[in-house]
Each structure stands twice: as structure tokens, then as C-alpha cells.
Amino acid sequence: MTNFSKTATRPASIAADGARSDAASRIVPALLAIAFGLLLFVGTGFAAPSLIHNATHDTRHSLGLPCH
Amino acid sequence: MFKTIILSAFGAGLAVGIALSVVQAVTTEPLILHAETFESAEPAPAAAAPHEHATAEAHAHEAAAPAHEHDADAWSPADGFERSAYTLIANLLMGVGVSAVLLGLMSIRGGRIDASTGVLWGVAGFFAASLLPSLGLSPELPGTAAAEITSRQIWWLSTAAASAIGLALIVFSGSWLLKIAGLVIGVMPHVIGAPVPPSLEASYPAGLGGEFVAASLVVSALLWALSGLCSGWLYQRLSRSA
């Protein structure tokens with residue numbers, strides 16, 4: 001009996017979860033990808049430590065990013 | 001989907017980084033090295049080695065390059081292969097980063113993601129994160145007088161963000177009020193104004209600076225457009241086979 005009642009309520013909950021996870025499965029990974037990309041971009045193009053600055057110096061100048 | 005984005009971004013970044021390095025090697029890089037010869041010919045800091053005026057021509061930057069950094073003691077790659085290798089690595093990271101940002105934005109927006117939509121997003125990215133900020137802070141050769149670095153970085157990043165938000169509102173919003181708001185947001189950083197350099201003097205000839213601005217903008221356009229193109233193309237292939 002308990003099994004039956006669970007399966008009976010499942011279709012509705014799947015539909016709701018499906019709609020919610022569809023938006024979530026699109027937005028969350030997209031935001032994570034943007035955060036990852038920005039981290040790389042800012043780390044390479046803007047990080048202050050001299051070591052990083054010196055290693056990325058020519059790339060920063062070439063791309064017109066503020067340098068020195 | 002995150003895996004597909006990251007895989008596509010790394011694949012695209014690889015191609016973009018290599019392409020960018022090849023183009024830089026014949027456009028911006030010779031201008032940077034040329035400008036550094038003038039920088040090194042200037043009065044050397046007290047701590048620097050004996051003057052090299054006699055040899056201060058084409059290859060003088062090899063001896064004097066570290067002196068023009070803020071922190072002369074810090075490590076920097078040796079000129080030649082090592083320097084080019086680090087530039088290639090930095091270009092690869094930029095390519096991956098830009099591709100990941102573009103794919104993330106395209107995913108949020110929804111709709112088709114392929115080479116042709118990718119290249120459009122890439123051009124828009126160039127517009128927001130390179131062309132518009134360059135109006136206030138034009139691409140600089142080594143040896144350009146400029147305001148304090150942190151203030152310029154903050155202005156640059158804020159301007160890129162405001163330009164991106166403004167552009168998105170203008171292109172995607174349905175209401176005229178929001179489109180006008182987008183225009184205002186995009187123009188705002190230029191009304192506020194970029195940090196002003198202490199002088200307009202430069203150690204290199206003016207013509208060199210002009211050439212560099214054009215070369216740098218072309219390189220940036222290539223970074224963004226190619227990143228959009230390659231990452232869109234790869235994403236479409238990978239998500240189809242997934």
C-alpha cells in the first residue's frame with residue numbers, strides 16, 4: 001500500500017522537480033563557468049604579485065590591460 | 001553541462017592561445033620590445049649595472065628589462081624562449097577564461113550555441129571588455145606615463161562590467177526605458193572619467209604608440225571573436241554527442 005501511494009504521487013513531483021531542475025541545471029553550471037572564466041581572466045590579466053605580473057607582462061600589454 | 005562548457009572552453013582556449021601568440025609575435029610583441037629599448041636607454045636606476053649606452057640598440061632590453069619593473073628583485077622570465085613561453089601560457093589562460101565566460105553567458109541567455117552565435121557574443125565581448133575601456137585607458141606600451149595601477153585596474157574592470165550590462169540591456173531588453181538605462185550605464189564610466197596620467201610624455205616615439213594601439217585592439221578583437229567562434233563550435237559538437 002505504501003508503495004502504491006508513493007508511485008501515485010510521483011508523476012506530479014517529477015514534473016515539478018523537472019521544471020525546477022531544468023532552470024537550475026542551466027543557470028548554476030553557467031554561473032560556475034562564468035566565475036571560473038573570470039577567475040582566470042582576472043588572475044592572468046590583473047593579479048598584482050610581481051611574479052604573475054612579470055610572467056604575464058607581454059600578454060597584458062598586448063591586450064591593452066592596465067600594466068605597471 | 002558544466003563539464004561540456006569547461007571542456008569546450010579548454011579546447012577553444014588552446015586554439016585561441018596558440019593563434020593569439022602567433023599574431024602577437026608579428027604585431028604587438030616587436031613593438032613592445034622596441035619600446036623597451038627606449039625605456040632601458042633612459043637614465044638607469046641607481047642600483048642598476050654600469051650603463052650600456054654604447055650597446056643600447058636592438059638588444060639592450062635583454063640586459064635592462066628587469067630594471068623597468070616595479071620590483072627589480074622579483075623573478076621575471078628571461079628574454080627569448082622563456083619569455084615567449086610564459087606569454088603563450090598567459091594567452092592560453094586568457095583564451096580559456098574568455099571562452100568559459102562567453103559560454104556561461106550564452107547558456108544563461110538560452111537558445112542556440114554554435115560557431116555563428118559564438119562569434120557574435122565574442123564580438124560583443126570585445127566591444128564591452130576592450131574597445132569601450134580603451135576609450136579611457138588606451139593600450140599602453142612599456143614606458144608610458146600612467147596613473148597608479150590599482151586605480152586604473154578598478155576603472156578598467158568597472159567599465160568593462162558597466163559596458164557589458166549596458167550592452168545586454170540595449171540588445172536584449174524589450175522596453176525602451178531599459179534600453180535607455182543601458183545606454184546611460186554604458187556611458188557612465190566615461191562621464192566619471194578614467195584615472196588621468198601624470199604626464200603625456202613617453203620614452204618612445206609617438207608613432208610607435210599609435211601603431212601599438214591599433215595592433216593591440218586587433219589582437220583583443222581576435223581573442224574575443226576567436227574564443228566565441230571556437231567555443232561555440234566545440235560546445236555544439238560536444239553537447240550533441242553527449
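Reply: First, a term. Axes are lines fitted to C-alpha atoms, for helices over the stretch in contact, and angles run from 0 to 180 degrees between N-to-C directions. The model is predicted, so local features need pLDDT of at least 70 and side-chain atom pairs count only at pLDDT 80 or more, while totals for chains, interfaces and linings use all residues. Residues are numbered from 1 along each chain as its sequence is written, and chains are lettered from A and ligands numbered from 1 in the order in which they are written.

Me: At what angle do α5(B) and α8(B) pack, and is α5(B) roughly parallel or roughly antiparallel to α8(B)?
Reply: Their axes lie 7 Å apart, and the angle is about 155°. Angles under 35 degrees count as roughly parallel, over 145 as roughly antiparallel, 65 to 115 as roughly perpendicular and the rest as oblique. Therefore α5(B) is roughly antiparallel to α8(B).

Me: Which residue classes make up the contact of α5(B) with α8(B)?
Reply: Two residues are in contact if their C-beta atoms, placed from the backbone, lie within 7 Å. Ala, Val, Leu, Ile, Met, Phe, Trp, Tyr, Cys and Pro count as nonpolar, Asp, Glu, Lys and Arg as charged, and the others, Gly among them, as polar. The contact of α5(B) with α8(B) has twelve nonpolar, eleven polar and no charged residues.

Me: How does α1(B) lie against α4(B)?
Reply: The two axes come within 7 Å and cross at roughly 140°. That angle is why α1(B) counts as oblique to α4(B).

Me: Is the crossing of α1(B) past α4(B) left-handed or right-handed?
Reply: A crossing is left-handed if the near helix is turned anticlockwise from the far one by less than a right angle, and right-handed if clockwise. By that rule, α1(B) passes α4(B) in a crossing that is right-handed.

Me: What percentage of the residues of chain B count as buried?
Reply: A residue is buried if 20 or more other C-beta atoms lie within 10 Å of its own, exposed if 12 or fewer, and partly exposed in between; C-beta atoms are placed from the backbone. In chain A, with 68 residues, the buried part is 35%. In chain B, with 242 residues, the buried part is 41%.

Me: Which element gives the most to the side of chain B that touches chain A?
Reply: Here 49 residues of chain B are in contact with 32 residues of chain A. On the chain B side, 29 are nonpolar, 14 polar and six charged. With 17 residues, the element giving the most is α4(B).

Key: Helix = DSSP H or I, 4+ residues; strand = E, 2+ residues; numbered from the N terminus.
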